[in-house]
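Subject: Structure for your review

Dear colleague,

Please find the structure below, together with its sequence. My notes on what was found in it follow.

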Amino acid sequence: APAAKKPSAKKAAAKKQPADKPPASDVQLEIGQDAPDFDLPADDGQRYSKSSLAGQRFVLYFYPRDNTSGCTTEAKEFTELAANFEELGVLVMGVSTDSLESHAKFRDKHGLGVVLLSDVEHAASRAYGAWGHKSMYGKPVLGMIRSTFVVGPDGKLEAVYTVRQAAGHAQQVLDDLQQRLDTDVADDPEPDPPAQEDVAPPPAA
């Protein structure tokens, strides 16, 4: 009997190719715009959406991949500052296209304390303009652009970041938030003191 043909190198390589990536987003969000809707499952077993977070200020940070060096640094720094964000009433959520299973391993390996959302269909990443062309080692690639968005209780964008360096970014977001909230408090006018009723002085003895 003739020997079975070995699969060609091209076919073997084709099998290893990842599924087609969705096209780059052309969305460019700006401060003051309504934050795009999203509805994603999280590593804590819940689903989070813009509507479920109405009235809540939150940070949504998009990162390329679980367990890579920059993404690990960013997640650990947000975790270290989690109590500070909580004091400000701010929920921090990381988003990547990794699976929930990957998120769970990432969380447990590094003791992460931020919510990790799974955007396997790239819907939120494209809606926020975080999925697009970037340069990696000098070569153009299509993938997740490290980006962070702060959404206010009214659902509008309060801050937009394109992150050049993961280290120190969480602290920058916290500092900017603190400064912005302090300014908002300072800008609020003092309430008028309650009106004093005119009281006639007691008659002279």
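Predicted model: local features only at pLDDT ≥ 70, side-chain atom pairs only at ≥ 80, totals over all residues.

Overall composition

The protein contains six helices and nine strands. Of its 205 residues, 36% are buried. Among contacts between residues at least 6 apart in sequence, 66% join residues at least 24 apart.

Five of the strands form an open sheet with mixed pairing, in the order 5-4-3-8-9. Its edges are strand 5 (115-118) and strand 9, each of which pairs on one side only. On average, neighbouring strands of this sheet are turned by 20° against each other, direction ignored.

As a general point, the strands of a sheet pair through backbone hydrogen bonds, in either a parallel or an antiparallel manner. Here, strand 4 runs parallel to strand 5, and four bridges join the two; within this pairing, S96 has S118 in strand 5 as its bridge partner. Strand 4 also pairs with strand 3 in the parallel sense, over six bridges, and Y61 has G94 in strand 4 as its bridge partner. Strand 4 is mostly covered, with six of its seven residues buried. Strand 3 and strand 8, by contrast, run antiparallel and are joined by five bridges.

Helix 4 (residues 100-110) lies across strand 4 and strand 5, and runs at about 160° to strand 5.

S147

Is S147 buried or exposed? Its relative accessible area is 4%, under the 20% cut-off, and S147 therefore counts as buried. This serine belongs to strand 8 (residues 147-151). Its side chain reaches the backbone oxygen of I145 at 2.7 Å. Leaving out residues up to four places away in sequence, S147 touches L60, Y61, F62, A130, Y161 and V163.

The nonpolar cores

The largest nonpolar core has 23 residues, of which V59, Y61, F78, F85, V173 and L177 touch the most other members. Two or more residues of this core come from each of strand 3 (57-62), helix 2 (69-80), strand 4 (90-96), strand 9 (157-162) and helix 6 (169-187). Which element gives the most to this core? That element is helix 6, with five residues. V173, when its neighbours within four places in sequence are set aside, is in contact with V59, F78, F85, T148, V150 and Y161. There is also a second, separate core of 22 residues, including Y48, L117, A124 and M144.

L88 and its surroundings

L88 is placed in the loop between helix 3 (82-87) and strand 4. Not counting residues up to four places away in sequence, it touches L174, L177, Q178 and L181. L88 and Q178 are 90 residues apart in sequence, yet their C-alpha atoms are 7.8 Å apart in space.

Most residues other than glycine have a negative phi.

- N67 has a positive phi, near 65°, and is a residue other than glycine. N67 lies in the loop between strand 3 and helix 2. Its relative accessibility is 34%, between the 20% and 50% cut-offs, so N67 counts as partly exposed.
- H122 is not a glycine either, and has a positive phi of about 65°. H122 is found in the loop between strand 5 and helix 5 (123-127). With a relative accessibility of 14%, under the 20% cut-off, H122 counts as buried.

Yours sincerely

Definitions and conventions:
Residues numbered from 1 in each chain as written. Heavy atoms only, no water. Buried < 20%, exposed > 50% of the residue type's maximum accessible area, 1.4 Å probe, protein only. Polar contact = N/O pair within 3.5 Å; in protein donor to acceptor, adjacent residues only side chain to side chain. Contact = heavy atoms within 4.5 Å. Core = buried A, V, L, I, M, F, W, Y, C linked by side-chain atoms within 4.5 Å. Pairing = 2+ DSSP bridges. Axes fitted to C-alpha atoms, helices over the stretch in contact; angles between N-to-C directions.
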